[in-house]
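My notebook is open, and I am jotting down a few local details as I look them up. Follow along with the structure in view.

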Amino acid sequence: MARGIELFFAISLLLALLGLCKGSTIGVCYGRNADDLPTPDKVAQLVKQHNIKYLRIYDSNIQVLKAFANTGVELMIGIPNSDLLPFAQFQSNADSWLKNSILPYYPAAKITYITVGAEVTESTDNSSSLVVPAMQNVFMALKKAGLHKRIKVSSTHSLGVLSRSFPPSAGAFNSSHAHFLKPLLEFLADNQSPFMIDIYPYYAYRDSPNNVSLDYALFQSSSEVIDPNTGLLYTNMFDAQIDSIYFALMALNFRTIKIMVTETGWPSKGSPKEKAATPDNAQIYNTNLIRHVINDSGTPAKRGEELDVYIFSLFNENRKPGLESERNWGLFYPDQTSVYNLDFSGKGVVDVTDSNVTSLNGTTTTWCIASTKASEADLQNALDWACGPGNVDCSAIQPSQPCYEPDTLLSHASFAINSYYQQNGATDIACSFGGNGVKVDKNPSYDNCVYMTTGANKTAATNTTAISSTPSSSTRNEAIAWVPSFLLMTLLPTLLTLKNL
């Protein structure tokens, strides 16, 4: 008996520590309210090319599920508000939907979440009373199929679900929603499902620019906002809004429910009155958001807490109603070209506020990187040529080297193309690569991966003079990932001994 307990404890400890490897994640919302978008097959290729590993769709479209089968991309699918009634009325409707629309494509389509309804408190059809019954029926359908622990069920909300969000410690849910919030929160707590929230600092700034600074909304504030009740310091609105949800949950004694951000982002274009809706601001917000999230720094009230976040949206959607900004939240145009550069690993340097670099002779330093419009075949050809006949030292983009991450063809080709460009006089011809090279005047270096310039050492990535005394997020994540491996090696002999006794 004692040995059985020891074995159970050892295995439980190991499994718990293996959970440390996950960390916070960044996903993207794939909205399709447009009439000019590429086919789902092409979208799947685009998503893979940019190393996007988590995707939210707003329904269970069969063509989308087929397109993302066997891609490894984790999918969050949805049941629209318009479909809540049949799901809430009869268990058989949920069972049939799962059997006919989901199970034929699972697990090839890697579905991990189902959202039942979206921002129902904002709708005018009073559908909030249908949410929890529909969630319960979907959960029971999953349980019958043995999938209730692999696929989590929840519902998304706008920040309007709160009656107060400032200061964060005073966060409180709107009492008018109590009739459906209490059973919803009980469902989430019972089934270890996250509270899903859509957060938009852009709207807070746009609607109240005299009270909210643009820098605070963009993660660029040099000053701090103090919560007078807790003394916690906030340097950005995103954290403050997240913590207002945490405090609202704690006020109702729901302390174990995790939060997931199912939408956030910044528009790249707006009406004349929406002056903050620019490509530069959108790039700054999303870049700083990604870095903030993957650092696993958490929020002032929840230090080190993992937070999964989905950026809205993959494409500009030309059929969305409202102001001009509503149609311009996309990271990509419908022709699949980037609205602005964005590195989903959080390691790339895409800060548009950086000043140009000037060399000692007074001329502006330039770099040459791979075009985001280049096909995978062109990128591969450029990479092969630069690292072969072009005599570029490509050791820095090999596994475990400074420039290996992000492990994408675009990133590796950019490093190789720039090295060839610099070694050959930084001329226009050296940047050509059949039209797949693009000259830039902003340094693309990141972390310890330093892109060489003309006259620099050939292996630029060996420049480590600027290493911070504080461990980087990648170093910390590597250390965390190492722990379970070490414990596995340590505990394995014990497990085998206990098994044989």
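This is a predicted model: local features need pLDDT of at least 70, side-chain atom pairs count only at pLDDT 80 or more; totals for chains, interfaces and linings use all residues.

**Entry 1, serine 371.** I found serine 371 in the loop that runs between β15 (367-370) and α12 (376-387).

Which residues of α2 (residues 40-49) are buried? I listed Val43, Ala44, Leu46, Val47 and Gln49. I then checked what these buried residues pack against, and wrote down β2 (54-56), α3 (62-67) and α12. That brings me back to α12, the helix at one end of the loop with serine 371. Just past the end of α2, I stopped at asparagine 51, which takes a positive phi of about 60°.

I moved on to the loop between β4 (110-118) and α6, where glutamate 119 sits. With a relative accessible area of 23%, glutamate 119 is partly exposed; the cut-off for buried is under 20%. What does glutamate 119 contact beyond its neighbours within four places in sequence? My list reads Thr156, His157, Ser158, Asp198 and Glu263. I also looked up isoleucine 197: 78 residues separate it from glutamate 119 in sequence, while their C-alpha atoms are 8.6 Å apart in space.

Staying with α6 (residues 128-144), I turned to its packing with α5 (residues 91-102). The two helices pack at an angle of about 55°, and their axes are 8 Å apart. That angle makes α5 oblique to α6. For the handedness, I recorded a right-handed crossing of α5 past α6. From α5, the contact uses Gln91, Ala94, Asp95, Trp97 and Leu98. From α6, I noted Gln136, Asn137, Val138, Met140, Ala141, Leu142 and Lys144. How do the residues of this contact divide by type? I sorted them into seven nonpolar, three polar and two charged.

Technical notes: Residues are numbered from 1 along each chain as its sequence is written. Side-chain values use heavy atoms; hydrogens and water are left out. Axes are lines fitted to C-alpha atoms, for helices over the stretch in contact, and angles run from 0 to 180 degrees between N-to-C directions. Helices (H or I, at least four residues) and strands (E, at least two) are DSSP runs, numbered from the N terminus. Angles under 35 degrees count as roughly parallel, over 145 as roughly antiparallel, 65 to 115 as roughly perpendicular and the rest as oblique. A crossing is left-handed if the near helix is turned anticlockwise from the far one by less than a right angle, and right-handed if clockwise. Contact means heavy atoms within 4.5 Å. Ala, Val, Leu, Ile, Met, Phe, Trp, Tyr, Cys and Pro count as nonpolar, Asp, Glu, Lys and Arg as charged, and the others, Gly among them, as polar. Buried means under 20% relative accessible area, exposed over 50%, partly exposed in between (1.4 Å probe, protein chains only).
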